[in-house]
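User: I would like to go through the assignments in this model and see what each one rests on. Please set the values against the cut-offs.

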Amino acid sequence: GGGGGGGGGGGGTSKPPPIPEKKTSTAPPPLPEGRKTSRQAGKPPPFFQKTKKLAKGVHQYKGGIRKGELLFVLGASITVTDDSDPKGKGWWRGYLTDDASREEGWFPKGFVKLVQ
């Protein structure tokens with residue numbers, strides 16, 4: 001006697017689902033027209049054109065005459081930010097050069113002497 005053989009298998013090849021195409025735009029969006037940045041180098045804005053002068057306190061000034069005054073001692077270093085004296089009363093505006101806060105105040109110009 002003899003034996004028999006085995007059977008075979010069958011089957012089809014299944015295709016994977018199609019991948020949808022994504023359109024990605026690599027180009028950057030166009031820049032808006034009419035926005036020209038033309039800054040002149042080296043020229044500060046008009047409101048920064050005040051000339052700063054250095055002054056030294058020749059008297060101690062304790063204040064008390066008007067609001068927003070700059071108080072200083074004899075020999076204090078003061079940066080003058082406004083010597084225009086708008087009211088003609090002999091008042092200048094400035095801050096103590098060594099003061100980190102740079103808080104400005106008014107002081108009588110007769111109490112200081114310009115260094116430069």
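User: Why is Y61 called buried?

Analyst: The model is a predicted one. In it, Y61 has a relative accessible area of 5%. Buried means under 20%, so Y61 is classed as buried.

User: What makes Y61 and F72 an aromatic pair, and why is the pair called tilted?

Analyst: Their ring centres are 5.9 Å apart, and pairing requires centres within 6.5 Å. The planes stand at 40°. Stacked applies under 30 degrees and edge-to-face over 60, so this pair falls to the remaining class, tilted. Y61 and F72 are 11 residues apart, and each sits in the loop between β1 and β2.

User: Why does F72 count as buried?

Analyst: The relative accessible area of F72 is 4%, and the cut-off is under 20%. F72 is therefore buried.

User: What makes the pair of F72 and F107 edge-to-face?

Analyst: The angle between the planes is 90°, and edge-to-face needs over 60 degrees. The centres lie 5.8 Å apart, against a limit of 6.5 Å. This pair links the loop between β1 and β2, where F72 lies, to strand β4, which holds F107. The two residues are 35 residues apart.

User: Why is F107 called buried?

Analyst: F107 has 0% relative accessibility. The class is set at under 20%, so F107 is buried.

User: How many aromatic pairs are there by this rule, and which residues do ring pairs link into a cluster?

Analyst: The count is 4 aromatic pairs. The cluster linked by ring pairs consists of Y61, F72, W91, F107 and F111.

User: Which residues make up the largest nonpolar core, and what makes it a core?

Analyst: The largest nonpolar core has 12 residues: A55, Y61, L70, F72, A76, I78, V80, W91, W92, W106, F107 and V112. A core of this kind is a set of buried nonpolar residues joined through side-chain atoms within 4.5 Å. Strands β2, β3 and β4 each supply at least two residues of this core. In soluble globular proteins, nonpolar side chains tend to be buried together.

User: Which strands are the edge strands of the sheet, and what makes them so?

Analyst: The sheet is open, with 5 strands in the order β4-β3-β2-β1-β5 and antiparallel pairing. Its edge strands are β4 (105–108) and β5 (112–114), because each pairs on one side only. From one strand to the next, the twist averages 50°.

User: How do you know that β1 and β2 pair?

Analyst: Strand β1 (residues 53–57) and strand β2 (residues 77–82) are joined by 4 bridges, and pairing needs at least two. The two strands run antiparallel. A55 has I78 as its bridge partner in β2.

User: Which way do the residues of β4 point?

Analyst: G105 and F107 point one way, W106 and P108 the other, and all are buried. In a regular strand the side chains alternate between the two faces of the sheet.

User: Why is S77 called buried?

Analyst: S77 has a relative accessible area of 17%. The limit is under 20%, so S77 counts as buried. This residue is found in strand β2. Leaving aside residues up to four places away in sequence, S77 touches L54, A55, K56, Y95, L96 and T97.

User: What is A55 in contact with?

Analyst: Apart from neighbours within four places in sequence, A55 is in contact with A76, S77, I78, V80, V112, K113, L114 and V115.

User: How much of the protein chain is buried, and how many helices and strands are there?

Analyst: Of its 116 residues, 21% count as buried. The protein chain has 0 helices and 5 strands. Among contacts with a separation of 6 or more, 47% are between residues 24 or more positions apart.

Note on methods: Residues are numbered from 1 along each chain as its sequence is written. This is a predicted model: local features need pLDDT of at least 70, side-chain atom pairs count only at pLDDT 80 or more; totals for chains, interfaces and linings use all residues. Side-chain values use heavy atoms; hydrogens and water are left out. Axes are lines fitted to C-alpha atoms, for helices over the stretch in contact, and angles run from 0 to 180 degrees between N-to-C directions. Buried means under 20% relative accessible area, exposed over 50%, partly exposed in between (1.4 Å probe, protein chains only). Contact means heavy atoms within 4.5 Å. Rings of Phe, Tyr and Trp (its six-membered ring) pair if their centres lie within 6.5 Å; planes under 30 degrees apart count as stacked, over 60 as edge-to-face and the rest as tilted.
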